[in-house]
Amino acid sequence: MIHSELLADQAVLVLTPAGPLTAADFTRIAAMVDPYIEQHGKLKGLLIHASRFPGWDDFAALVSHLRFVRDHHRKIERIAIATDSAVLSALPRIASHFVAAEVRHFGYAERDAALRWLAHE
């Protein structure tokens with residue numbers, strides 16, 4: 001499960017995994033951000049704020065996650081990953097090969113700094 005919040009005034013989507021990711025999570029997130037992107041053209045940023053990587057509920061969730069990344073990565077300028085997890089800390093190096101967005105790692109407690117960077121402040 002992923003908690004999601006669209007900070008429309010900052011053009012930033014905040015995702016906080018709270019358990020294994022499900023296919024329904026990505027359907028719900030897309031339904032929330034797609035109208036915003038259609039109206040504004042893009043998001044300034046995406047913040048993934050996670051103490052650890054919870055994994056996927058099943059193979060359908062993994063496929064939905066990959067499909068969401070494929071459909072949205074060119075519509076997001078920056079991605080911040082705020083985590084102390086070793087697995088997620090490596091994500092910026094890996095993601096930079098697959099997404100158009102600039103990706104940066106922050107410590108889990110640096111959520112506010114990550115939001116400022118995403119908003120280009």
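Is Trp117 buried or exposed? In this predicted model, Trp117 has a relative accessible area of 11%. Buried means under 20%, so Trp117 counts as buried.

Trp117 has an aromatic partner. Phe106 and Trp117 form a tilted pair, with 5.9 Å from centre to centre and 55° between the planes. Phe106 lies in strand β5 (residues 102–106). Trp117 lies in helix α5 (residues 111–118). The pair therefore ties together parts that are eleven residues apart in sequence. Phe106 is also buried, at 5% relative accessibility.

The model holds three aromatic pairs by the rule used here. Another of them joins Phe53 and Trp56. Their ring centres are 5.0 Å apart and their planes stand at 70°, so this pair is edge-to-face. Phe53 is partly exposed, with a relative accessible area of 28%. Trp56 is partly exposed too, at 37% relative accessibility.

Now turn to the interior. In soluble globular proteins, nonpolar side chains tend to be buried together. The largest nonpolar core of this model has 21 residues. Those with the most contacts inside this core are Ile2, Leu13, Leu15, Ile29, Leu43, Leu46 and Ile79. Helix α1 gives the most, with six residues. Leu15 shows how such a residue is surrounded. Setting aside neighbours within four places in sequence, Leu15 is in contact with residues including Ile2, Ile29, Leu46 and Ile48. A second, separate core has eleven residues.

Leaving out residues up to four places away in sequence, Leu7 touches Val12, Val14 and Leu115. Leu7 sits in strand β1 (residues 2–7). Leu7 is buried, with a relative accessible area of 14%. Leu7 and Gly45 are 38 residues apart in sequence, yet their C-alpha atoms are 9.8 Å apart in space.

At 5% relative accessibility, Asp25 counts as buried. The side chain of Asp25 makes a polar contact with the side chain of Arg28, at 3.2 Å. A polar atom of the Asp25 side chain also lies 3.5 Å from the backbone nitrogen of Met1. Beyond its neighbours within four places in sequence, Asp25 is in contact with Met1, Ile2 and Pro20.

Helix α2 comes next. At 1.5 Å a residue, the 14 residues of α2 (residues 59–72) should span 20 Å. The end C-alpha atoms are 20 Å apart, which agrees. At the start of α2, a side-chain oxygen of Asp58 reaches to within 3.2 Å of the backbone nitrogen of Ala60.

Where do the buried residues of α2 fall? They are Ala61, Ser64, Phe68 and His72. Seen down the axis of α2, these residues fall within an arc of 60°, so they line one face of the helix. An α-helix has 3.6 residues a turn, so residues three or four places apart point the same way. The cover over the buried residues of α2 includes α1 (23–40) and β4 (76–82). The face turned away from the buried side carries the exposed residues Phe59, Leu66 and Arg70.

Key: Residues numbered from 1 in each chain as written. Predicted model: local features only at pLDDT ≥ 70, side-chain atom pairs only at ≥ 80, totals over all residues. Heavy atoms only, no water. Helix = DSSP H or I, 4+ residues; strand = E, 2+ residues; numbered from the N terminus. Expected span 1.5 Å × (residues − 1). Buried < 20%, exposed > 50% of the residue type's maximum accessible area, 1.4 Å probe, protein only. Arc of directions from axis to C-beta. Contact = heavy atoms within 4.5 Å. Polar contact = N/O pair within 3.5 Å; in protein donor to acceptor, adjacent residues only side chain to side chain. Core = buried A, V, L, I, M, F, W, Y, C linked by side-chain atoms within 4.5 Å. Phe/Tyr/Trp six-rings, centres within 6.5 Å; stacked < 30°, edge-to-face > 60°.
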